[in-house]
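Subject: Structure handover

Hello,

Here is the structure I promised to pass on. My notes on it follow below.

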Amino acid sequence: MNARWSKRLRLNGLGWGFVLPSLLFLVLFTYYPMLKSVWLSLFEKNLAVRDPVFVGWDNYKALLSDPVFGQSFRNNLWFALGTVPASMALAFVMALLANKAIRGKGLIRMAFFYPNMIPMIAAASIWLFLYMPQFGLFSRFISWIAGSEVNLLGNPDTVLISLVAMTVWKEAGYFMIFYLAGMQQISKELYESAAVDGIGAWRRELRITVPLTMPTTLFVAVVAITNAFKWVDHLWMMTKGGPNHASSLLLYYIYETTFHFFDEGLASAMTVVMIALLLLVSWIQFAGWERKIHYQ
């Protein structure tokens with residue numbers, strides 16, 4: 001009995017030894033900041049008070065009457081609706097092309113993945129030049145179609161869709177890697193059997209590839225939605241949330257509230273709202289798709 005428990009203790013100790021460093025980082029940099037944000041959201045902590053004052057739900061009530069928060073929240077929802085489906089669809093098509101290519105397969109994959117290798121600040125600088133009025137390629141093209149000068153990043157009606165286009169270009173190659181890995185796990189015999197039965201190429205992709213890559217789609221969807229709410233550096237580089245908060249996203253407004261207005265209590269309340277929203281959306285995705293997904 002003692003020998004068996006001693007062996008089990010050694011095995012469990014070895015397992016915990018491997019897990020403990022990652023678990024420590026997870027607690028320090030994920031769970032502790034989340035709990036700290038929940039705690040600070042119940043206090044008034046800004047430059048007007050020397051010590052934090054407990055105010056309960058007042059910070060959350062203040063968010064309901066904050067027009068900038070409301071606009072940033074709506075902007076983020078539209079930003080997610082624009083980037084998530086488009087980047088996932090483009091990534092799926094790119095993965096199909098990269099998986100089916102016979103010659104130059106490595107070159108095609110590298111070309112598709114290359115935008116993800118560029119840091120977001122560098123990518124934002126490139127697209128900032130492309131959107132530059134009078135000189136930028138995209139601005140000149142849109143101005144030629146519209147027949148008048150267009151400032152894509154300076155117009156509240158076009159600034160958000162311009163950021164969506166840049167984000168889709170940046171993210172699609174990253175999601176393509178996951179789809180490509182999922183497609184390569186599908187047995188070639190399924191496609192050969194379908195071809196023998198006279199099923200066309202498009203129907204084979206629809207009936208075989210799409211259902212069998214649904215686990216990948218679920219994973220990519222969760223990552224894409226999380227990314228849609230965490231981008232902030234491209235806004236700092238390209239628009240600063242303007243014009244008139246037309247491109248301000250939720251995390252950027254949290255950044256402004258914390259480091260420009262120094263209101264940690266209100267910023268913590270916004271952080272809690274964002275985390276709760278992401279958890280709710282992720283739970284809906286898993287609950288709604290889990291039963292429809294084939295893992296084998």
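Where is the place of T158? T158 sits in the loop that runs between α6 (137-146) and α7 (159-184). Helices here are DSSP runs of H or I with at least four residues, strands are E runs of at least two, and both are numbered from the N terminus.

Before the rest, some ground rules. This is a predicted model, in which local features need pLDDT of at least 70 and side-chain atom pairs count only at pLDDT 80 or more, while totals for chains, interfaces and linings use all residues. Residues are numbered from 1 along each chain as its sequence is written, and side-chain values use heavy atoms, with hydrogens and water left out.

**Loops**

Back to T158. T158 counts as buried because its relative accessibility is 19%. The cut-offs are these: buried is under 20% relative accessible area, exposed is over 50%, and partly exposed is in between (1.4 Å probe, protein chains only). Neighbours within four places in sequence set aside, T158 is in contact with N151 and L152. Contact means heavy atoms within 4.5 Å.

Q134 is in the loop between α5 (120-130) and α6. Its phi is near 75°, a positive value in a residue other than glycine. Q134 counts as partly exposed, because its relative accessibility is 46%.

Next, the loop between α11 (233-238) and α12 (250-259), where P243 is found. The peptide bond from G242 to P243 is cis, and its omega is near -5°. N244 lies in the loop between α11 and α12 too. Phi of N244 is near 55°, again a positive value in a non-glycine residue. Is N244 buried or exposed? N244 is exposed, because its relative accessible area is 67%.

**The α3 and α10 pair**

Two packed helices are described by the angle between their axes and the distance between the axes. For helix α3 (residues 67-100) and helix α10 (residues 214-228), the axes come within 9 Å and cross at roughly 145°. Axes are lines fitted to C-alpha atoms, for helices over the stretch in contact, and angles run from 0 to 180 degrees between N-to-C directions.

The crossing of α3 past α10 is right-handed. Handedness works like this: a crossing is left-handed if the near helix is turned anticlockwise from the far one by less than a right angle, and right-handed if clockwise.

Which residues meet? On α3 they are N76, F79, A80, T83, V84 and M88. On α10 they are T217, V220, A221, A224, I225 and A228. This contact of α3 with α10 divides into nine nonpolar residues, three polar and no charged. Ala, Val, Leu, Ile, Met, Phe, Trp, Tyr, Cys and Pro count as nonpolar, Asp, Glu, Lys and Arg as charged, and the others, Gly among them, as polar.

**Helix α4**

Helix α4 (residues 105-117) has 13 residues. From first C-alpha to last, α4 reaches 18 Å, close to the 18 Å expected at 1.5 Å a residue. The expected span is 1.5 Å times one less than the number of residues. α4 has a kink of about 30° at A111, shortly before the proline P115. The bend at a residue is the angle between axes fitted to the seven residues ending there and the seven starting there.

L63 is in helix α2 (residues 58-64). L63 is buried, because its relative accessible area is 4%. Beyond four places in sequence, L63 contacts F69, L266, A269, M270 and V273.

S282 lies in helix α13 (residues 264-289). S282 is buried, because its relative accessible area is 18%.

E264 is partly exposed, because its relative accessible area is 32%. Residues up to four places away not counted, E264 touches L40 and K45. E264 and P215 are 49 residues apart in sequence, and their C-alpha atoms are 39 Å apart in space.

Best wishes
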